[in-house]
Amino acid sequence: VSKLYTALVVHHLFDLEKEITITQSMLDSYGDAGHLVLDEKLLPDELLYALLMESSNDAALAFAQSFDLPATSTDKFMVQMNAFAKEIGMHNTHFSDSSGLSSLNVSSAQDLSILSRYLYKSEKDILNASKTKVMDLATTTDHGSHHFVNINPFVYYPTFAGGKTGRTDAAKEAMVSMFNEEIDGVKYSIVIIVLRSDLGQREINTEKLLGLFRDKIKK
């Protein structure tokens, strides 16, 4: 879920026309989601698909380390992440890394609802990327081909407007999901935030809450 916020900060801080070069220290992050390759160069918006669709930790670290080149430290990016969180009203949120792997990344359902509203009102491009089912990047002189497949199960829901899944041992399962529902001719934009779900339960819990919302509106 931290990656959803990382994408927001990238859109505010980065020159979206300036390529990011993938280094070995970026590839040393946990996992290989996104299947990035050493020395290839990608534009920030291309890298966002790996971040949001496949939850690439390498992509998250690439953004953090590219903010203050040539250093590989992520400190300055984290300062900006935390400062912007406070600026938009996320006062119970703190980030220690850009991927969400750190157990020191903390937030609340209320703060994540603030983030969701901000994205929905001001950053539809990020939400559109997060709900893209499949994204193909062709081979260029700067990078090889990439085939990104979204791991979020709600991308196949017609009312899904965007969101992000998350899972760590410390946080258990989390999910932020936005939907555009229409009930009896009335349109509703809603966000469902699930934190600390048991393994395999975040989607089920989200569906239960979505069902409760529909039932309450119909009554």
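T6 is buried, with a relative accessible area of 0%; buried means under 20% relative accessible area, exposed means over 50%, and partly exposed is in between, using a 1.4 Å probe and protein chains only. T6 sits in helix α1. Leaving out residues up to four places away in sequence, T6 touches L51, F77, M81 and S98, where contact means heavy atoms within 4.5 Å.

Before we go on, keep in mind that this is a predicted model, in which local features need pLDDT of at least 70 and side-chain atom pairs count only at pLDDT 80 or more, while totals for chains, interfaces and linings use all residues. Residues are numbered from 1 along each chain as its sequence is written, and side-chain values use heavy atoms, with hydrogens and water left out. Helices (H or I, at least four residues) and strands (E, at least two) are DSSP runs, numbered from the N terminus.

Let's stay with α1 and see what it packs on. Two packed helices are described by the angle between their axes and the distance between the axes. Helix α1 (residues 2-13) meets helix α6 (residues 109-122) at an angle of about 45 degrees, and their axes are 11 Å apart. The axes are lines fitted to C-alpha atoms, for helices over the stretch in contact, and angles run from 0 to 180 degrees between N-to-C directions. So α1 and α6 are oblique to each other: angles under 35 degrees count as roughly parallel, over 145 as roughly antiparallel, 65 to 115 as roughly perpendicular, and the rest as oblique. On the α1 side you'll find L4, Y5, L8 and H12, and they meet L115, Y118 and L119 in α6. Sorted by class, this contact has six nonpolar, one polar and no charged residues. Here Ala, Val, Leu, Ile, Met, Phe, Trp, Tyr, Cys and Pro count as nonpolar, Asp, Glu, Lys and Arg as charged, and the others, Gly among them, as polar.

Now for α3 and α4. Eight of the ten residues of helix α3 (residues 44-53) are buried, so α3 is largely enclosed by the rest of the structure. For α4, ten of the ten residues are buried, so this helix is largely enclosed too. The cover over the buried residues of α4 includes α1, β1 (20-21), α2, α3 and α5. The axes of α3 and α4 come within 8 Å and cross at roughly 140 degrees. P44, L47, L48, A50 and L51 in α3 meet A59, A60, A62 and F63 in α4, a contact with nine nonpolar, no polar and no charged residues.

What about the cores? A nonpolar core is a set of buried Ala, Val, Leu, Ile, Met, Phe, Trp, Tyr and Cys residues joined through side-chain atoms within 4.5 Å. The largest one has 47 residues, and those with the most contacts inside it are Y5, L8, I22, L47, L51, F63 and F77. Another core, of nine residues, lies apart from it and includes F154, F160, F179 and L210.

Finally, a look at some backbone angles. Most residues other than glycine have a negative phi. H35 has a positive phi near 50 degrees, and it lies in the loop between α2 and β2 (41-42). D39 lies in the loop between α2 and β2 and has a positive phi of about 75 degrees. D39 counts as exposed, at 54% relative accessibility. Just after α3, S55 takes a positive phi of about 60 degrees.
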